[in-house]
Amino acid sequence: MYAPLLREVNKPYIGCFVVLLLILARLSEHDAAIRNVEPLKNLNTTSATMITNQSSQNYQVSGQHYGEMNTSKAVKPWSPRNAVRLKNVLNIFDITHVAEQWSSVQQAINTNCSKDMEQYFSGLNAANIWAMKMDDASGHYTSGFFYGNNYWLGSLALCESIYHEDYDEERKTTNSGLPFAKAHTQIFTGVYNEKPPFIPGFFVIKFFLNETFPTYMTRTIYVGVCLPSNCSAKDVDTLAEVTQQPSATRVVKILDVRTPSKRKFNLYDDRTFWVLVVSTSLVFILIFAGTLYEIYLTRRLKAALLRQDKEMMNSSETSSGIGCASSDYSDSVAHGSLKKEAITQSLKEMNMVLNMPHEISGVPASTSDEHLEGHLHEPEKLGVYSELLLSFSAITNFNAICDRNVGADTIPSIHGLRAFSMAWVILGHTCIVVFKYSDNMEMRKEVEKNFFFQAITNGPFSVDTFFFISGLLVSYLYFRTNAKGKLNKLTKGSSELTAGIAHFFGLVAYRFMRLTAPYMFVLGVVQVTMKYLAAYSIFDPPTLDHETCPQYWWRNLLYINTLFPVDQMCMLWSWYLANDTQFYMIGAIILIIGVRHFKISAFTTLFFLVSSWITTAIIAFTNNHRPDTDDPLALFDKIYDKPWTRLGPYLIGMTVGWILFRTNCKIRLPRLAVVTLWILSMLNLFVLIFGLYRADLSQFMAAAYSSLSHSAWALSLAWIITACSTGYGGYINTLLSAPCLYPFSRVTYCAYLVHPIVIRSVALNTDAPLHLGGDNMVIMFFGLVVASYLLSFLVSMSFEAPVVTMLKILSPSRKKRIA
């Protein structure tokens, strides 16, 4: 009797009890979420003052509470209210938020921008196709955030293609397509198109994002937005501020707003651009005139030789009797198959000189690494001005670069060493730039774990190869030239001090004139190119060359740019040229002293070498530099680019050059010694490249490695060059001395100057970030190598080879031409 009554009376209490349990469970979830957020809030002092986002609290469930839930009951079904959607969390610029708060932000922007924005909102409400295209051209979070996608750029090309001045109402239903090709307008005819009431503009907003939940990441995000072009960068900054919703777990700061569609840089108003145009035009005119002049002289030679051949045929008793010349000179000249003695004699009889390949004239040309010049041949009847004009001949310079022979002053294996090192440099710089502008930058962390990636990480050793080669050639060529008496002629009758000073300034002046013409031309190209890319690219430039070059170009001209802070350096990769020139000056002093005071010169070399080791070790130790874990460019301004830390390989190269000169490249070693030295040198190179893989160096060992590794690299190269020069190179000498590598070696200087321009242009001229991958990286690398060498070939033929030839013509030690 009481039981039913009891059940009826307890029904509402049971329901209240159930409701109370649900509320308590909800509060426990809420408290757990707050406990999880509080420690994270303390990570950022600015987030403590921001209003708590109630929706974000619903996303958080503590691990402990979640485990308790799993042990007591089944997992809750998915709910839109509790689900964490990354696209919502990372929605850091939303035009909807701007529209919702338009009344408060309208007065903060300029009138034209405000008017156009209202039209944009109306277009979105009416679903106008032009407004939808603008929204489509704006960047949104898509995917790959945890894989390093920081570029949500949309499409600059699509934004700019929405508005057309030549819009035709009759073609209203025809899609205008992207600006790359008109074919798009004929393909997608079904897409409705209409002209917007204003000109859209593209803006790239740079956000600093500190997300403590749910991503737990600090990132720099680039978001591209297509908005009315009447809006300024300041207006877009204001709009971006409005879109930020208060959150206890996120701090967003607008760092910068770029306007690549504003066209701020006018190429035709740039003074440097016109200097480049005038200088390039003048050089091309000289090349054209010099080439025509050489063709004219060549035809005169052919005609003269043909007449001579006919005379010889008429007076010859050994005629074939069938009316044919004994030799076809026109064909022989074209293929370089005439006998050298006969042609030289013919030229002497004609009292005429022609600037032709040495296979014809019989006078071997010097194609040493320090002298890339055309071929001037005896007997000479041309004036100095004619010879200077011929130095610009494209035929002569092409033959000089592509000559398959090397001069007596050259060590053939150096060509291969230089060519392979240049490819290594391009590979390293390609990876640096591509990693910066990729949408999966986290892949770098995975790739760096690969054992063979150490070959790219330790790419800076390729620059030590260049330093070693420079020191070797300077020493070797100086002693050979001095042994021939060419340097003594310049200072004959002078005192030792006067002669030494004359030698020094003569060497420095020659190097300055040889290097500076292509260097300054490329520097001007860098300045103009980077101004253009900084204004038009959707990406931030990798360096501020567009700002530093106009201010500090004179430091590059004087080769002292490495003595100043790196953030003031123009053409960042030019640090090598500055160091190499400074090393050249030190080396010149040592060489001049060494001619008569060898012991003093040797002691000075050793002193500089040991001082460089000690200085580098101290800097590395005091800055706790860890070559096993740090980025190779981590201490660029303290260790990487400073001359006192990179001098070792150059001095070792000078020593090897002196040894090869003194021994005349004839050294006899036991077979066991040769095998041992090859094993040790190869093992040393392998350890230097791959030895730091997963290594853990102490601070002292890290400093020692930083100090000695560059010189250790040069020691292995010293044996390779010595072995290849003295007959112990074997297949390695065959590879390094392959004639097919000579042209690439001869344009290495210009390739080093221009290849970063090619890499930057490819990366910054794109409409979207690159995507890292093994296959496309290989293809991109080889493409950049080809493009860099093609461009360097043109620069070398236009600025480097003619200058070197003119220096030879105007040299005081040049022999008088005898008719």
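The structure is a predicted model. The chain has 819 residues, and 49% of them count as buried. Its secondary structure consists of 35 helices and 4 strands.

**The chain as a whole**

- Take the contacts in the chain with a separation of 6 or more: 79% of them are between residues 24 or more positions apart.

**The sheet**

- The 4 strands build an open sheet with mixed pairing, and their order is β1-β3-β2-β4.
- Which strands stand at the edges? They are β1 (151-152) and β4 (250-258); each has a single partner strand, so one side of each has no neighbour in the sheet.
- Strand β2 (residues 200-211) runs antiparallel to β4, and 8 bridges join the two. To find one of these pairings in the model, look for Glu211, whose bridge partner in β4 is Arg250.
- Strand β2 also pairs with strand β3 (residues 217-228), again in the antiparallel sense, over 12 bridges. Here you can look for Gly201, which stands opposite Leu227 in β3.
- β2 and β3 form a hairpin with 5 residues between them. In that turn, Tyr216 has a positive phi of about 55°.
- Is β2 mostly buried or exposed? Of its 12 residues, 10 are buried, so the rest of the structure largely encloses this strand.

**Salt bridges**

- Side chains of opposite charge can pair when their charged atoms come close.
- How many salt bridges are found in the whole structure? The search finds 12.
- One of them joins the side chains of Arg760 and Asp545, with an N to O distance of 2.7 Å. This pair links distant parts of the chain, because Arg760 sits in helix α34 (residues 748-764) and Asp545 in helix α24 (residues 545-557), 215 residues apart.
- Are these two partners buried or exposed? Arg760 is buried, because its relative accessible area is 7%, and Asp545 is buried too, at 0%.
- Another salt bridge connects Lys642 with Asp641 at 3.2 Å, N to O. Both Lys642 and Asp641 are buried.
- Lys206, Arg258 and Asp540 belong to one network, joined by salt bridges that share partners.
- Lys449 and Glu446 also meet through their side chains in a salt bridge, at 3.9 Å from N to O. Glu446 is partly exposed, with 47% relative accessibility.

- Which residues make the nonpolar surface patch? Phe288, Leu292, Ile295 and Ile395 do, and the patch covers about 350 Å².
- Helix α12 (residues 271-315) gives the largest share of the patch, with 3 residues.
- Leu292 is located in helix α12. With a relative accessible area of 44%, Leu292 is partly exposed.

**A closer look at Asp270**

- Where is Asp270? You will find Asp270 in the loop between β4 and α12.
- Asp270 is buried, because its relative accessibility is 6% and the cut-off for buried is under 20%.
- The side chain of Asp270 reaches the backbone nitrogen of Thr272 at 3.2 Å.
- Leaving aside residues up to four places away in sequence, Asp270 touches Phe265, Val528 and Lys531.

**A closer look at Thr663**

- Thr663 lies in helix α29, which spans residues 648-663.
- Is Thr663 buried or partly exposed? It counts as partly exposed, at 27% relative accessibility.
- A polar atom of the Thr663 side chain lies 2.8 Å from the backbone oxygen of Ile659.
- Thr663 and Thr726 are 63 residues apart in sequence, while their C-alpha atoms are 9.4 Å apart in space.

How values were computed:
Residues are numbered from 1 along each chain as its sequence is written. This is a predicted model: local features need pLDDT of at least 70, side-chain atom pairs count only at pLDDT 80 or more; totals for chains, interfaces and linings use all residues. Side-chain values use heavy atoms; hydrogens and water are left out. Patches are made of residues with over 30% relative accessible area and no salt bridge: like charges are joined within 9 Å, nonpolar side chains (Val, Leu, Ile, Met, Phe, Trp, Tyr) within 5 Å. Accessible areas come from the Shrake-Rupley method with a 1.4 Å probe; for residues, only the protein chains shown count as cover. A salt bridge is a side-chain nitrogen of Lys or Arg within 4 Å of a carboxyl oxygen of Asp or Glu. Buried means under 20% relative accessible area, exposed over 50%, partly exposed in between (1.4 Å probe, protein chains only). A polar contact is a pair of N or O atoms within 3.5 Å; within protein, one must be able to donate a hydrogen and the other to accept it, and residues adjacent in sequence count only if both atoms are side-chain atoms. Contact means heavy atoms within 4.5 Å. Two strands pair if DSSP finds at least two bridges between them.
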